[in-house]
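This report concerns the pairing of charged side chains. Please consult the sequence and the coordinates alongside the text.

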Amino acid sequence: MIAGDFTRRILKPAAALVVALPVVVWAADKLVPKIHFTEIAATAGIQTEHHSHRFTGVHADVLRMFTSGGASAAIGDFDGDGLDDLFVTDSDAGKTNHLFHNDGNLKFTDVTEKAGVGAGNDAHNIVADAIWFDYDNDGREDLLVARFGTPILYHNEGNGKFKDVSKAAGFTKFGNTIAAVAFDYDNDGYLDVMLGNYFKPESLTDLKDPHVLPNDLDNAINGGGVTLWHNTGKGTFVETTAKAGFGKHTGWTLDLGHGDFNNDGLQDIYIACDYGTDRIFFNNGDGTFKEVTENAIGFDTKKGMNAEVADYDNDGWLDIYVTNIYDEYMKECAMLWHNNHDGTFTDVSKETGTCRTLWGWGAKFGDFDNDGWLDLFVTNGLRSAGKENYIPLLLNATITKPGVDFTDVSSWPDIGGMTWSGYQKKKLFHSVGGQAFKEISAEAGVDNDLDGRGVSLGDFDHDGKLDMYQVNADQKALFYHSATENAGNWIEFILTGDGVKSNRDAIGARITLKAGGLSQIREINGGNGYAGQSTKQAHFGIGEASKIDSVEIRWPSGKVEKIKDFAMNKVNKIAEGKGDKH
């Protein structure tokens, strides 16, 4: 996509963001943590290989290139044994998705056939994303598979098997969906679903009109937008897109991120869009949302790919990280939106060292050395193939064919065996006290050059250190087990809502933990970050702190409880109503 500058941006001076923050000081007799990972996908039994959908006809080459983003993974404990399992997508017709059961000791078993969740890729539907969520509050994780086509909703039957309930639940509307999140936007105790759609609702496998590509490479408005689905609490979903205030959005949605951005107890939405401005909506609390893009972040012409939400600087307010494209011909920084506490955000990616991520895709925050500060891992790379570069061919077409209609797939040169922004090294940014980040991917052992898409984080073996699963387009997946040395102390929480006023998954719950002079927050989310759902298990690193001063949970119901019964360096299960109310 062609480079474009900001059309408008509301920024506050970067200097205003430099605040006095506690610095973690390690005792003289303690070794400084060294972040490192070991790749063990094959030995763990989860080294799948992704396949993009192969189209037929004269438009096959270009369409395959534009739909190569469907490599995704979702982490969730589907059988309730306390260990996170893994669902991994594939995208070509006839190829199966994979469900892996976590057997413990970093070994997994493929249980796809028994579970009945391998289908979804056929002549008319292309699998692109997936999320785990307990939509009926029965205590079992259900599975939503998003597709270029119609979604699949699998109900967890509780015996290791799933049942396709898509039609009965109301998921029959066609859409070219590439992203999905589950969250309770109206706080009625049931999880709702938002789907992010890339192309407009036109069948790509039976193309009637070739004009399906962006009408403007910097300000496109002919994409699929989003659809919002309200959970009735009776096993069905009803579309409320227009009623909730999202009906006018027609951008090329690539990712969705939700969180309580203004600390009012309601879940807000960030929409990352390719070929034009991202959008941000604040929750009104009455089942509707207000778009605040102009005032909150301004309008941009970038290629938003990822929406990750976390409090990277421990100031008690959620920030947002969006990947864009910064490589040999496009210079669009990623955006680290620092929350200004007043409904506005300032992009501090340049100041913090998180700007240049090449052709960025999925990105996730996680405290990889348990020092109390969130680090950041970013995948990148579009298409690694032959030595010939596709970029000059594409640029030549734009120069020699002025006025050409690039919405028509026939106008794009065939890519054949050429490379387009491929063989890019991944980026791992280590937090330096929440003020800046240092790139350490090579020394950490994660600087692979595959065509990364989604990344999912989880502590699969409960050793208190976060592992990473990276999926790649048309290539094998990678499983990075943490081998970090001298990591700090930690604590993890598995939350369960009451299933009445709070959803059972506790998505939207906020944990505030104070230890070692730091105050940290974690919000449980339902699928933030491009093509990769991380664990719902909240992980905190606390460095050399010998005790935790306080743990407080604000549940989706609004109930706030102080938790006193917990243990450091262990996984703690907390059910709503078991703490001290205040």
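The sections below describe salt bridges in this predicted model.

## Overall count

Side chains of opposite charge can pair when their charged atoms come close. In the structure as a whole, the search identifies 13 salt bridges.

## Asp-474 and Arg-64

A salt bridge joins the side chains of Asp-474 and Arg-64, with an N to O distance of 3.1 Å. Asp-474 belongs to the loop between β28 (467–472) and β29 (478–482), whereas Arg-64 is in helix α2 (residues 60–66), so the pair ties together parts that are 410 residues apart in sequence. Asp-474 has a relative accessible area of 30% and is partly exposed.

## Asp-218 and Lys-303

Asp-218 and Lys-303 also meet through their side chains in a salt bridge, at 3.1 Å from N to O. This pair links distant parts of the chain, 85 residues apart: Asp-218 is in the loop between β11 (192–197) and β12 (226–231), and Lys-303 is in the loop between α6 (293–296) and β18 (308–310). Both Asp-218 and Lys-303 are buried.

A network is present as well: Asp-260, Arg-510, Glu-523 and Arg-554 are joined by salt bridges that share partners.

## Asp-206 and Lys-208

In the salt bridge between Asp-206 and Lys-208, the closest N and O atoms are 3.2 Å apart. Asp-206 is partly exposed, at 38% relative accessibility. Lys-208 has a relative accessible area of 65%, and it is classed as exposed because this value is over 50%.

Notes:
Residues are numbered from 1 along each chain as its sequence is written. This is a predicted model: local features need pLDDT of at least 70, side-chain atom pairs count only at pLDDT 80 or more; totals for chains, interfaces and linings use all residues. Side-chain values use heavy atoms; hydrogens and water are left out. A salt bridge is a side-chain nitrogen of Lys or Arg within 4 Å of a carboxyl oxygen of Asp or Glu. Helices (H or I, at least four residues) and strands (E, at least two) are DSSP runs, numbered from the N terminus. Buried means under 20% relative accessible area, exposed over 50%, partly exposed in between (1.4 Å probe, protein chains only).
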